[in-house]
Amino acid sequence: MKKITLPLSPSDLNALHAGDGVLLSGTIYTARDCAHRRLFELLDRGEPLPIELDKTYIYYAGPCPAPAGKACGSCGPTTSARMNAFAPRLLDLGLLGMIGKGEMSEETRAALVRNKKVYFAAIGGGGAQYAKSIKKSELVAFPDLLSEAIYRFEVVDFPAVVAIDARGKSVYDR
Amino acid sequence: MRTLNTKEISDCVYRLARKAGTTLTPACRSALRAAADAEEGAAQFALATLLENADTAQAERMPVCQDTGMAVVLLEIGQNVFLTGEPLADAVNDGVRRAYADGYFRKSICDPLTRVNTGDNTPAHLHTEIVPGETVKVTFLPKGFGSENMSKLYMLTPSEGRAGIVRAIVETVRAAGSRPCPPVYVGVGIGGAFDSCALLAKKALTRDVGSKNARADVASIEEEALAGINALGIGAQGFGGKVTALGVACEIAPTHIAGLPVAVNIQCHCIRCEKETL
């Protein structure tokens, strides 16, 4: 398992290949369907976003509430394919990459290649294990969305697999 | 005639929900362990992570998966039971509400149009059935939606027959690919009508993974579909491998002479289901 600190350096981007196991450390932001819809509404109205895309990795996830003494409740990835409607535009606007689970569309793959970015797959169903690697959690935007709000996580040794690398090679290609 | 206060059903739903959210069924754990032994590479890594996750969840009483699901509650109510107390649906919802708050479970139920969250994971998805006897059997199945979204209903023609059923099951899992968190558990309803066929599929998911239907011809469909699915090569999390499904469970009911409904309900590898008889 390669230990990687986010944001990825140009040499990390070159060295990561689809199928590689990695342990990610750094800052990531959660967003699912509803949060993405809100971000798009802001973009369409020309208003500022609550996150700086060119400093952001989005984690497709919605956590359970945090029990006492923990930074975050269970929080594994949700199905990335639902975010195909949003990912290409966000990547073109500078988004650093995504973490989710499962295959994404050809449009998303092309946007990753075009922008030299990586899509990581976390292990779906590993929520309790992921809670351990989330050391800090902070609500950033859209509190009315509850678990679907945007949270900033500081993660240490967050296990993932390179799903689509910067050259467009995918772990899901058969 | 036996009298039962619905508070007892509410408390039972609470107990089962708390346990189900944090625990894989023993049959699921065994199936995951066998799959981990059979795989290598990224799929093996995924399965090993999931087994470790199951231990962590149980030890720390944390949800196994953050999708603590739609609260599916099946009640088999003996016809000699007289229910007293608050209305049954309210009692069930009360049990769900308390369990999801106390367990730090995610609240995942919302209005389908406004998408506004109900905030307490109610209403439960409640099915009741009147059966002989004087007990109430409660089954709690927290159903995640990454897998639910990949489910399908087919209205086949009688001439498509057994081969058509197997084809429909395998095709549903193939089309779902990596999205429903494979290795999946596949619940199948065969027969009935448009509505009851889907419920049969859901009920099939309450069977232990690895169990066989008592009818030999139905069990042979389960076996052939499982082999067909595992030949797809999707593997754990879609990373490629031999184990794309942990099991196929079919339930069957009489249908109309003109039809052959087949419902395929996908469950992710995180099989959580608890039962108790009151």
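pLDDT is the predictor's confidence in each residue, on a scale from 0 to 100, and the views described below all come from a predicted model.

**View 1. Confidence of the predicted model, with attention to chain B.** Across chain B the mean pLDDT is 97, and 100% of its residues reach 70 or more. Where pLDDT is low, the predicted coordinates should not be read in detail. For the model as a whole, the scores are an ipTM of 0.91 and a pTM of 0.94.

**View 2. The two domains of chain B and the contact between them.** According to the domain assignment, domain 1 of chain B is made of two stretches, 2-21 and 64-142, while domain 2 covers residues 146-272. The C-alpha centres of these two domains of chain B are separated by 25 Å. Where the domains meet, 11 residues of domain 1 of chain B and eight residues of domain 2 of chain B take part in the contact. On the domain 1 side, at least two residues each are supplied by the helix α1 (6-22) and by the strands β2 (70-78) and β5 (136-143) of chain B, and the largest share, three residues, belongs to β5(B).

**View 3. An open sheet of four strands in chain B.** The strands of this sheet follow one another in the order β4-β2-β5-β10 of chain B, and their pairing is mixed. Because β4 (125-131) and β10 (274-277) of chain B stand at the edges and each have a single partner strand, one side of each is left without a neighbour in the sheet. From one strand to the next, the twist averages 15°.

**View 4. The contact between chain A and chain B.** At this interface, 36 residues of chain A are in contact with 34 residues of chain B. On the side of chain A that touches chain B, the elements giving two or more residues are α5 (127-133) and β7 (150-164) of chain A, and α5(A) gives the most, with five residues. The residues on this side of chain A divide into 17 nonpolar, 15 polar and four charged.

Note on methods. Residues are numbered from 1 along each chain as its sequence is written. Chains are lettered from A and ligands numbered from 1 in the order in which they are written. This is a predicted model: local features need pLDDT of at least 70, side-chain atom pairs count only at pLDDT 80 or more; totals for chains, interfaces and linings use all residues. Domain bounds come from an automatic or database domain assignment. Two residues are in contact if their C-beta atoms, placed from the backbone, lie within 7 Å. Two strands pair if DSSP finds at least two bridges between them. Axes are lines fitted to C-alpha atoms, for helices over the stretch in contact, and angles run from 0 to 180 degrees between N-to-C directions. Ala, Val, Leu, Ile, Met, Phe, Trp, Tyr, Cys and Pro count as nonpolar, Asp, Glu, Lys and Arg as charged, and the others, Gly among them, as polar.
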